[in-house]
Amino acid sequence: MLRLINVCKTYPKFKLDNVSFSIEEGSICGFIGRNGAGKTTTLKGMMNLLHFDSGEVHVFGHNFFENELENRQDISFSLSEINYFPDMKIGKLTKVTSRFYKNWNQDIYEKICKKFMLDQDKRVKELSSGMKVKYNLAIALSHDAKLLILDEPTSGLDPVSRDEILDIFKNLVKTGKRSILFSTHITSDLEKCADHIVYIKKGKIISSKSKDEFISGYKYIEGDISSFEETKDKLISFKKDEKVFTGLVRIEDAKGLSKKLKVSNPDLETIMVYEEKEGEEDEEFIF
């Protein structure tokens, strides 16, 4: 459905370095990484909103840039907020937007808007964050987009709205004909709906695996501080105080650990927190 091959982009203080990953049909892929890691740069570049220095982007088995206008017919791309024409009513905005798509189906649009309770007379600036996400999805489904690329779609939503959107995502890919790539900082959302994880760190992809395979590659360690010195060389990173320590190890380094340690399976948030601390000293912040 989507394949990035060694894409690069260099800025004075940042480099997107040979980013490669792929997404299969019928999958939901979570794109994770801390702020500034390169997520939005990657998403914008693959849609030609900025120019990669090198590399290729393939969609539906073809080079995206060689037939961009045609390929865009089957793609829905959305940044984190709808910021265009804030005073325009969404009904009028839709009339303008629909002209760009050969497969636009107004009947489907109206049915989706009814289901999502989207008032066509509301102005863009009057939509809540959740309604903006639903509006983006209504547009995507009304031109039968096969690939949805979404930047922080659940950011700022309350828990109920987030859960509703995630249920919609899962339903969208059930037929196996659509795929969703979405970036997020809310790792609990990925626990609920993603089946693939792409993790970018400082402009480099450090993992692109199924969610289960990604999580099973780590173990979370808890132990008494007396066991820290014999364990620390295996830890990706750690936190400690005078009595206890916690840390993360890769699965291959979990063998032979002291029986005194408590070893468990981490969640996505724990993995991301400790991966991002790699190489940093665990210093106490005093104020």
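Is Tyr218 buried or exposed? Tyr218 is buried, with a relative accessible area of 8%, where buried means under 20%, exposed means over 50% and partly exposed lies in between (1.4 Å probe, protein chains only). Before the close-ups, a quick note: this is a predicted model, in which local features need pLDDT of at least 70, side-chain atom pairs count only at pLDDT 80 or more, and totals for chains, interfaces and linings use all residues. Residues are numbered from 1 along each chain as its sequence is written, and side-chain values use heavy atoms, with hydrogens and water left out.

**View 1. Phe214 and Tyr218 pair up edge-to-face.** Their ring centres are 5.7 Å apart and the planes sit at 70°, so this pair gets the edge-to-face label. Rings of Phe, Tyr and Trp (its six-membered ring) pair if their centres lie within 6.5 Å; planes under 30 degrees apart count as stacked, over 60 as edge-to-face and the rest as tilted. Phe214 counts as buried, at 2% relative accessibility.

**View 2. Phe64 meets Phe65, ring to ring.** A search of the whole structure turns up nine aromatic pairs. In the pair shown here, the centres are 5.4 Å apart and the planes are at 75°, so Phe64 and Phe65 are edge-to-face. Phe64 counts as buried at 0% relative accessibility, while Phe65, at 31%, counts as partly exposed.

**View 3. Helix 5 packs with helix 6.** Helix 5 covers residues 129-142 and helix 6 covers residues 159-172; helices (H or I, at least four residues) and strands (E, at least two) are DSSP runs, numbered from the N terminus. The angle is about 15° and the axes are 11 Å apart, with axes being lines fitted to C-alpha atoms over the stretch in contact, and angles running from 0 to 180 degrees between N-to-C directions. The two helices are therefore roughly parallel (under 35 degrees; over 145 is roughly antiparallel, 65 to 115 roughly perpendicular and the rest oblique). On the helix 5 side, Val133, Lys134, Leu137 and Leu141 meet Glu164, Ile165, Ile168, Phe169 and Leu172 of helix 6; contact means heavy atoms within 4.5 Å.

**View 4. Ile205 sits in strand 10 (residues 204-210).** At 22% relative accessibility, Ile205 counts as partly exposed. Skipping neighbours within four places in sequence, the contacts of Ile205 include Val19, Phe21, Phe31 and Tyr199.
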